[in-house]
Amino acid sequence: HLHQDEGTRTRREAVVSTQSTGKMKAPGHGGNFGVWGLTFASCDCTLIYLRNKEDPWNSIASGAITGGILSIRHGPSAAATSALIGGFILAMIEGVTVVITRYNSEAYKPVMPTVPDMV
């Protein structure tokens, strides 16, 4: 049961307040995500060009570089921390992707056909 004392909100009021806050903050979050995406894609494409290779290391490094670039204005310590976190998150994503790809590829390996015995 929801106990209502004076000054407490009902669940409906809390939900409406949360929705209202979400609506107000959505454009800012969307813009931040767009900046992150553009920075990440720029770093990823640059690394692919420079290394002439497309592999998970490009994404991991791009995550680290993006984290560092986007937090550099808060100082070198914050940039280094964000770079480590960005690289770690992308390493986890790439690791899961590699595991899923390897797991799914087992189902598509060619199998040598067997000829039944004619006895």
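A crossing of two helices is left-handed if the near helix is turned anticlockwise from the far one by less than a right angle, and right-handed if clockwise. In this predicted model, α2 passes α3 in a right-handed crossing. Local features need pLDDT of at least 70, side-chain atom pairs count only at pLDDT 80 or more, and totals for chains, interfaces and linings use all residues. Residues are numbered from 1 along each chain as its sequence is written, and side-chain values use heavy atoms, with hydrogens and water left out.

**Helix pair**

- Helices here are DSSP runs (H or I, at least four residues), numbered from the N terminus.
- Helix α2 spans residues 56–71 and helix α3 residues 76–106; their axes come within 7 Å and cross at roughly 155 degrees.
- Axes are lines fitted to C-alpha atoms over the stretch in contact, with angles from 0 to 180 degrees between N-to-C directions.
- The two helices, α2 and α3, are therefore roughly antiparallel to each other (an angle over 145 degrees).

**Residues in contact**

- Contact (heavy atoms within 4.5 Å) involves α2 residues including Gly-63, Ala-64, Gly-67 and Gly-68, and α3 residues including Ala-83, Gly-86, Gly-87 and Leu-90.

**Cysteines**

- The structure holds zero disulfides (a disulfide is a pair of cysteine sulfur atoms within 2.5 Å).
- The sulfur of Cys-45 is 9.6 Å from the closest cysteine sulfur, in Cys-43, too far for a bond.
- Cys-43 counts as buried at 12% relative accessibility (under 20% relative accessible area, 1.4 Å probe, protein chains only).
- Cys-45 is exposed (over 50%), with a relative accessible area of 51%.

Note on methods:
Parallel < 35°, antiparallel > 145°, perpendicular 65-115°, else oblique.
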